[in-house]
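Hi everyone, thanks for coming. Let me put the model up on the screen and then talk you through it.

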Amino acid sequence: MHIQISGVSKAFNATPILKDVNLTIQSGEFITLLGPSGCGKTTTLRCVAGLETPDAGSIEVGGKAFVNAATRTFVPTHKRKVGMVFQSYALWPHMSVAANVAYPLKRRKTPPAQLKPLVASTLEAVGMGQHAGRYPHELSGGQQQRVALARGLVSAGGVMLFDEPLSNLDAKLRIAMRSEIRRLHNEFGNTSIYVTHDQDEALALSDRVIIMRGGVVEQVGTPDDVRSRPVSSFAADFVGFENILACRSVSEGSGRRTAVLDGGLELELTGAAANLETGMFVAFRSSAVRLGGERGAGINAAGAVRDSSYSGETRTVVVDVAPGVGITAAVPDSADAAAVYRHGGSEVSFHVPARSVVVLER
Ligand SMILES: Nc1ncnc2c1ncn2[C@@H]1O[C@H](COP(=O)(O)OP(=O)(O)OP(=O)(O)O)[C@@H](O)[C@H]1O
């Protein structure tokens with residue numbers, strides 16, 4: 001089902017929450033709305049579901065207007081046939097698993113001859129076939145979420161909406177359920193909109209990621225686009241670039257253009273960095289920073305180790321290059337690395353290859 005969100009705005013108590021949101025979602029696509037708390041992800045989803053009414057704009061699904069503020073069209077939620085899965089599983093405690101899944105079908109007056117096999121096959125698809133007779137309190141959190149998924153899937157006439165469905169699960173289960181959600185999306189052939197503030201989840205699940213900021217769409221791209229080519233310092237920060245520096249000035253001399261960045265770091269402006277101008281930003285990941293004697297095209301500088309911490313396979317080292325300006329580097333962890341970088345104050349040189357530096361216009 002193709003989804004077209006056009007010019008959607010919404011205010012609560014005169015505070016604008018969505019500001020002219022435009023999104024085109026292809027039929028069969030899995031897209032994620034990613035952004036910090038309060039940026040309007042859930043409100044966007046609720047407008048598609050019919051749980052909120054936009055003040056302006058329209059939402060069309062499969063060529064049919066769900067809502068259009070200009071023509072005062074509004075299709076109520078139960079007639080939209082979208083499947084919804086929430087963070088709180090929202091199961092009826094007094095109903096069995098099968099009855100919970102059957103509930104939206106009964107409300108729609110689905111004939112029993114169709115209802116029973118549909119509930120059974122959907123419970124089978126989510127791996128809960130053998131628990132149809134149990135009650136929610138007899139299930140683990142992960143199993144309850146599977147039932148909620150099945151209930152969403154039977155309601156979905158081609159569109160699934162997910163609002164942080166995995167937030168209540170532990171880390172291991174979250175990763176397992178991610179693949180389940182993606183598998184079911186493919187198997188059922190739905191178009192899915194998924195809300196999260198977890199970038200790993202967004203990158204793992206989606207065909208495209210929509211980064212939102214303060215009620216507007218900041219960036220739309222494939223997981224690789226948003227991870228490797230953020231469009232702004234906000235987007236770069238959100239997808240985990242640890243180092244974001246402003247360009248303070250650009251100078252030209254003897255055929256070379258050189259930028260001075262925060263902390264006095266210098267970067268020769270060639271290749272991808274050729275367009276950098278004063279007021280713009282550069283970003284690079286901690287994994288791109290080489291500590292030690294290596295030099296080459298890019299940033300070559302030195303500073304004093306502020307501190308270092310063990311973080312899994314790598315050791316994260318913060319090097320101060322100026323008062324209040326630290327560069328974060330990730331180096332493979334070893335006893336040597338721990339010994340060298342554990343203590344603050346020691347002088348270390350570092351290099352950031354030019355190819356690892358991303359230029360951001362804002
Ligand atoms: N019914 C409402 N009445 C008043 N304010 C609301 C209402 N619903 C949402 N808001 C406000 O709108 C803003 C955006 O909320 P929304 O839930 O869309 O954000 P979000 O990006 O999904 O954030 P989160 O990840 O915290 O859920 C918040 O500041 C919230 O307090």
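I'll go from the sheet to the helix across it, and then to the ligand.

A quick word on ground rules: this is a predicted model, where local features need pLDDT of at least 70, side-chain atom pairs count only at pLDDT 80 or more, and totals for chains, interfaces and linings use all residues. Residues are numbered from 1 along each chain as its sequence is written.

Let's start with the sheet. It is open and antiparallel, with 5 strands in the order β2-β1-β4-β5-β6. Strands here are DSSP runs of E with at least two residues, helices are runs of H or I with at least four, and both are numbered from the N terminus; two strands pair if DSSP finds at least two bridges between them. At the edges stand β2 (15-25) and β6 (73-74), and each has a single partner strand, so one side of each is left without a neighbour in the sheet. For β6, the pairing with β5 (residues 64-68) is antiparallel over 2 bridges, and N68 stands opposite T73.

Now α1, residues 41-49: this helix lies across β1, β2 and β4, running at about 65 degrees to β2. That angle is between N-to-C directions, from 0 to 180 degrees, with axes fitted to C-alpha atoms, for helices over the stretch in contact; contact means C-beta atoms, placed from the backbone, within 7 Å.

And what surrounds the ligand? There are 13 residues, the closest being F12, S37, K41, T42 and T43, counting a residue if its C-beta atom, placed from the backbone, lies within 6 Å. Helix α1 gives the most to that shell, with 3 residues.

Key:
Two residues are in contact if their C-beta atoms, placed from the backbone, lie within 7 Å.
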